[in-house]
Amino acid sequence: MVERNLPEAPASGSYSPRGLDQSATATATATLAIPLDGLTITAPPPEMLSQKNVEAVTGIPARVFLDTIRAPGFPLPVTKLGKLRLVQREAFVAYLRMLANAPELRRDAEADERTRVAAVLAAAGLESVPRARTGRASAHSESASRGRLPPK
């Protein structure tokens, strides 16, 4: 006759032998207490970006997002639901990466904007006045103007 010594059940849990004729295998169950601040639950990123979630997902402020998707020549489809504007997240991130890798495209867009502004000023009989950049935002002074009438 063979005698087997099985380990005793743990203090906080249960022990159940599978069978005496098999090798000494056991199943133990235990309850583990983990504080809530020790857990991190991560949700998958949203499929669509809007002005409400774009900053949390990409770090881009809502105003910059809206200006970007409203710019002429924005290549991605924009879904409009009331005031909400939606763009596919993967496509928008790919577009931002493309802009980061091709700064000449950004410069071309800025030049196009300056051309459009000059055309509007010319239609109103004004011309653009170059201003020195101060490196900070400030309100316009009384003497400074954005345009002036051309000399007669």
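Colleague: Which residue of strand 5 does Thr-79 stand opposite, and what makes strand 4 and strand 5 a pair?

Modeller: Thr-79 stands opposite Leu-86 in strand 5. Two strands pair if DSSP finds at least two bridges between them, and here 3 bridges join strand 4 (residues 79-81) to strand 5, the two running antiparallel, so they count as a pair. This is a predicted model, in which local features need pLDDT of at least 70 and side-chain atom pairs count only at pLDDT 80 or more, while totals for chains, interfaces and linings use all residues. Residues are numbered from 1 along each chain as its sequence is written, and side-chain values use heavy atoms, with hydrogens and water left out.

Colleague: What lies between strand 4 and strand 5 in the hairpin?

Modeller: There are 2 residues between them, and Gly-82 in the turn has a positive phi of about 65 degrees. Strand 5 (residues 84-88) also pairs in the antiparallel sense with strand 3 (residues 48-49), over 2 bridges, and the bridge partner of Leu-49 in strand 5 is Val-87.

Colleague: Why is Gln-51 called buried?

Modeller: Its relative accessible area is 19%, and buried means under 20% (exposed is over 50%, partly exposed in between, with a 1.4 Å probe and protein chains only), so Gln-51 is buried. Gln-51 has its place in the loop between strand 3 and helix 1 (54-58).

Colleague: Which residues is Gln-51 in contact with, leaving aside its neighbours within four places in sequence?

Modeller: Contact means heavy atoms within 4.5 Å, and on that basis Gln-51 is in contact with Ala-62, Phe-65, Leu-66, Lys-83, Leu-84 and Arg-85.

Definitions and conventions:
Helix = DSSP H or I, 4+ residues; strand = E, 2+ residues; numbered from the N terminus.
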